[in-house]
Amino acid sequence: MNNFNKTLLAAALSCILYHGGGSFVDTANAASGSLMVAPAEVTPPAESGERDEIRHKRHGHHGRKFVLFKDTAALLDMTEKDLKNEWKKGKSLQQIAKEKKNWDADVFVQKLTAVQSAKLDNAVKAGKMTQQQADMLKKKLPGSLKRFTQHKYEPKQNRRLPAAHSEI
């Protein structure tokens, strides 16, 4: 047996031992009864709104802009949950602001920009970013907030994944 075959065999055995050891521990725990769940501990499935919140907590990178919902809700004197429910009905944040406060799109974006600029200033004072970084973000802020406030909710089943189903 040459050196390559010996190395390959050793790597395969180490993988089997490494990954197989964990399943042995799980099997031993199951046999001892420590993984048994009492029927009283089983919880009913969460409501759809609760599942959305759980999903966004679990996948933090997906919900970065949802922090803006808190600021928007505060500006519009609404709860965050009420704002999201209105948004999920198919309205944009600009339309909701027009209904609640009679603000046109530019005024609404200016108010959100002021809130976010204050947060950036606080981050600079706290030493979390430099003044140059804050200035660069402030320059992009009105455009990105305008796009964010124009966005309408699309249910997951209506979204099309790229290359999911090719139509030739």
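Residues are numbered from 1 along each chain as its sequence is written, and side-chain values use heavy atoms, with hydrogens and water left out. Because this is a predicted model, local features need pLDDT of at least 70 and side-chain atom pairs count only at pLDDT 80 or more, while totals for chains, interfaces and linings use all residues.

Visitor: How many aromatic pairs are there by the ring-centre rule?
Guide: Rings of Phe, Tyr and Trp (its six-membered ring) pair if their centres lie within 6.5 Å, and planes under 30 degrees apart count as stacked, over 60 as edge-to-face and the rest as tilted. By this rule the count comes to 4 aromatic pairs.

Visitor: Is the pair of Phe 69 and Trp 87 stacked or edge-to-face?
Guide: The ring centres of Phe 69 and Trp 87 lie 5.1 Å apart, and their planes meet at 65°, so the pair is edge-to-face.

Visitor: Which helices does the pair of Phe 69 and Trp 87 tie together?
Guide: Helices (H or I, at least four residues) are DSSP runs, numbered from the N terminus. The pair ties together parts that are 18 residues apart in sequence, because Phe 69 lies in helix H3 (residues 67–75) and Trp 87 in helix H4 (residues 80–88).

Visitor: Is Phe 69 buried or exposed?
Guide: Buried means under 20% relative accessible area, exposed over 50%, and partly exposed in between (1.4 Å probe, protein chains only). With a relative accessible area of 1%, Phe 69 is buried.

Visitor: What is the angle between the planes of Phe 69 and Phe 148?
Guide: The centres of these two rings, Phe 69 and Phe 148, are 5.9 Å apart, and the pair is edge-to-face because the angle of the planes is 85°.

Visitor: Where does Phe 148 lie?
Guide: Phe 148 is 79 residues from Phe 69 in sequence, so the pair ties together separate parts, with Phe 69 in helix H3 and Phe 148 in helix H7 (residues 131–150).

Visitor: Which residues form one aromatic cluster with Phe 69?
Guide: Phe 69 and Phe 148 are both buried. The residues that form one aromatic cluster with Phe 69 are Trp 87, Phe 148 and Tyr 153.

Visitor: Which side chain makes a polar contact with that of Glu 86?
Guide: Glu 86 is in helix H4 and counts as buried at 15% relative accessibility. A polar contact is a pair of N or O atoms within 3.5 Å; within protein, one must be able to donate a hydrogen and the other to accept it, and residues adjacent in sequence count only if both atoms are side-chain atoms. At 2.7 Å, the partner of Glu 86 is Lys 91.

Key. Helix = DSSP H or I, 4+ residues; strand = E, 2+ residues; numbered from the N terminus.
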